[in-house]
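Q: Could you walk me through this model, with the cut-offs spelled out as you go?

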Amino acid sequence: MNVRNVMICALLALPLTAVAADDPAVAALNQRLTALQADMQLADVARFEKLQAQQAIAALAKAKRRDVDIARYLAERRVAIAEAAARTAVARRELDELERTRGELLIEASRREAARARQEAERLRVQTQIQAEEAERLRLAAEAETLARQDAETALTSVAGRQQQRLSSAQQNAAKLAREEAELVSGQKLPGSKFDNRGEVFTFAGDAFAAGQAGLSAGARDQAKALAEYLNIGRKGRVSIEAYDSANGVGQRRAQALKDALVAAGVSASRVQVTGKKAASTRARSAEVIIAP
């Protein structure tokens, strides 16, 4: 366990924030966080998110009257993120266990099949007089074994698929909460996004840049500010920027301008890679920011 994990464990072991007398939301959030810690399945996961939630509740308890609403919202978001992260970790653990069970079942089936083959070979050696009948019996047994293995494989694949869907749903819910927090903290709206096989993709529309130019519009700069907050709050993967224009070099400059805006808003430059595409931008898309899963 590294120093960071040790510090998180120590902080989580401290008593939860005292309840503010004038805000029952603090008590309710503390109860949710306590329940999360008390659950044996969830106690040892999402420690960092729980610590962030505990700190947010403490900030709510100490918030001045003018800051109570935003502090309460942030505390609620942090607790929800901690709950979602814990459920995601447990789902991933269960999926790993299913994969191990599947491997063990396949190994055991292979061992049984090998032992059966050895027994049949010995039996055929001493009973050559009934070779034809025995061969037919073995053919039927092999077909039955194949069907049984196919049934087991189908059942395991179905269970694993459902578990993967649960994991994906939990991850997307956590991302949604992080997007809401990023927009609230930055005061700006994020660009539209979707999930595909590349990861989470944010799309900047055609009006993010002037025609044939690489400078970001005011609206695109606001979106980049919100996106930087999201990257720093909820998404820690590597980031790829792809920008488009039919003129030579403009796509690359656009991608670099978008990276500069993210870096200026606090995103580590080492996380971001840029690529220019020599293809016409459209009203719907001039650049994409792709966050790897």
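Q: What should I know about the model before reading any values?
A: This is a predicted model, in which local features need pLDDT of at least 70 and side-chain atom pairs count only at pLDDT 80 or more, while totals for chains, interfaces and linings use all residues. Residues are numbered from 1 along each chain as its sequence is written, and side-chain values use heavy atoms, with hydrogens and water left out.

Q: How many helices and strands does the chain have, and in what pattern?
A: The chain has seven helices and five strands, where helices (H or I, at least four residues) and strands (E, at least two) are DSSP runs numbered from the N terminus. Along the sequence they follow the pattern α-α-α-α-α-β-β-α-β-α-β-β.

Q: And how much of the chain is buried?
A: Of the 293 residues, 34% count as buried; buried means under 20% relative accessible area, exposed over 50%, and partly exposed in between, with a 1.4 Å probe and protein chains only. As for contacts (heavy atoms within 4.5 Å), residues 24 or more positions apart account for 75% of those in the chain with a separation of 6 or more.

Q: Helix packing next: at what angle do α2 and α3 pack?
A: Helix α2 and helix α3 (residues 47–62) pack at about 160°, with their axes 10 Å apart; axes are lines fitted to C-alpha atoms, for helices over the stretch in contact, and angles run from 0 to 180 degrees between N-to-C directions. That makes α2 roughly antiparallel to α3, given that angles under 35 degrees count as roughly parallel, over 145 as roughly antiparallel, 65 to 115 as roughly perpendicular and the rest as oblique.

Q: Which residues meet there?
A: On the α2 side they are Val26, Leu29, Asn30, Leu33, Leu36 and Gln37, and these meet Lys50, Ala53, Gln54, Ile57, Leu60 and Ala61 in α3.

Q: How do α3 and α4 pack?
A: The angle between α3 and α4 is about 160° and their axes are 8 Å apart, which makes α3 roughly antiparallel to α4. Among the contact residues are Ala53, Ala56 and Ile57 of α3, and Leu74, Ala75 and Arg78 of α4.

Q: Then where does that leave α2 relative to α4?
A: The axes of α2 (residues 24–38) and α4 (residues 68–126) come within 11 Å and cross at roughly 15°, and α2 and α4 are therefore roughly parallel to each other. Their contact is made by residues including Leu29 and Leu36 of α2 and Val79 and Ala82 of α4.

Q: Switching to rings, how many aromatic pairs are there?
A: The structure holds one aromatic pair. It is formed by Phe202 and Tyr230 and is edge-to-face, at 5.4 Å centre to centre with 65° between the planes. Phe202 lies in strand β2 (residues 199–204) and Tyr230 in helix α6 (residues 218–233), so the pair ties together parts that are 28 residues apart in sequence. The criterion is that rings of Phe, Tyr and Trp (its six-membered ring) pair if their centres lie within 6.5 Å, with planes under 30 degrees apart counting as stacked, over 60 as edge-to-face and the rest as tilted.

Q: Are those two buried or exposed?
A: Both Phe202 and Tyr230 are buried.

Q: Which charges sit over rings?
A: Arg77 lies over the face of Tyr73, at 5.3 Å from the ring centre, and Arg285 lies over the face of Tyr244, at 3.8 Å from the ring centre. A charge sits over a ring if NZ of Lys or CZ of Arg is within 6 Å of the ring centre and within 35 degrees of the ring normal.

Q: What does Glu181 touch?
A: Leaving aside neighbours within four places in sequence, Glu181 is in contact with Leu74, Arg77, Arg78, Ile81 and Ile233. Glu181 is in helix α5 (residues 131–186) and is buried, with a relative accessible area of 3%.

Q: Last one: what is the phi of Ala46?
A: Ala46 has a positive phi of about 55° although it is not a glycine. Most residues other than glycine have a negative phi. Ala46 lies in the loop between α2 and α3, and at 13% relative accessibility it counts as buried.
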